[in-house]
Amino acid sequence: MTAVIPHEAKRQLFAPAVRGVWHFALLAAVVCTVAATGACSKAKQPPVSPKSAADSAEQIGFGVRTLLTANGVQKGELTADTMYVYNDQTKFDFRNARVKFNTETGAPNGTMRADRGIYDTRTQVLEGFGNVVVTTLDGKRLTSPHVKFNQLANEVSSDTSFVVTAGDKEQTGIGFTADPNLTHFRCLKACGGRGAFNLPGT
């Protein structure tokens, strides 16, 4: 026997379900409106690549070698894996830079390497950034996040932390000035170290 449900009873029986469906649809619409760029939107913006050094460089070179000169005197030789040129060929951005310093007579006077090097021909200043290492002819080794080489003054300097090692001796501090061979060295502040390691000027 099939039960017959009066029309009024049917409306009361299914009314909560209908109201639930409408409530769910209304809630979904509100969520999609508030988070218009979220999961409810099927349209996605294409990913944008970060701007690279090559995008604004005037020239790009690979496996480069250049001489650092001041007043006609060769102060060093720089090699790098990659070079980017800016500002009408007055600013050079090197990657994996390596420098060989020279004395006034052209004799070797230490080396420097860095993850990145910036050279400005107007100021004749070369700056090394990231894992900078300066090595001297007599075995001293200086490490710092940032080192500046001024060609005109023939001076190496920094305004950040540094460590100088010579065998089992160590000198630390924040900021220094020195010649490329670290023979005349002056620590600026927070100077310390271990072992009988006294650099001139510290």
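Trainee: Are Phe162 and Phe176 buried or exposed?
Mentor: This is a predicted model, where local features need pLDDT of at least 70 and side-chain atom pairs pLDDT 80 or more, while totals for chains, interfaces and linings use all residues. Residues count from 1 along each chain as its sequence is written, and side-chain values use heavy atoms, with hydrogens and water left out. Buried is under 20% relative accessible area, exposed over 50% and partly exposed in between, with a 1.4 Å probe and protein chains only. On that scale Phe162 and Phe176 are both buried.

Trainee: How many aromatic pairs turn up in the whole structure?
Mentor: Rings of Phe, Tyr and Trp (its six-membered ring) pair if their centres lie within 6.5 Å; planes under 30 degrees apart are stacked, over 60 edge-to-face, the rest tilted. Searching the whole structure that way, the count of aromatic pairs is 5.

Trainee: What kind of pair do Phe92 and Phe94 make?
Mentor: Their ring centres sit 6.3 Å apart. The planes are at 15°, so the pair is stacked.

Trainee: And what kind is Phe162 with Phe176?
Mentor: Phe162 lies in strand β7 (residues 155-166) and Phe176 in strand β8 (residues 169-178), 14 residues apart; strands are DSSP runs (E, at least two residues) numbered from the N terminus. With 5.3 Å centre to centre and 65° between the planes, this aromatic pair is edge-to-face.

Trainee: Which strands stand at the edges of the sheet?
Mentor: The open sheet runs β1-β2-β3-β4-β5-β6-β7-β8-β9 with antiparallel pairing, where two strands pair if DSSP finds at least two bridges between them. Two strands have a single partner each, so one side of each lacks a neighbour in the sheet: β1 (59-70) and β9 (185-194).

Conventions:
Helix = DSSP H or I, 4+ residues; strand = E, 2+ residues; numbered from the N terminus.
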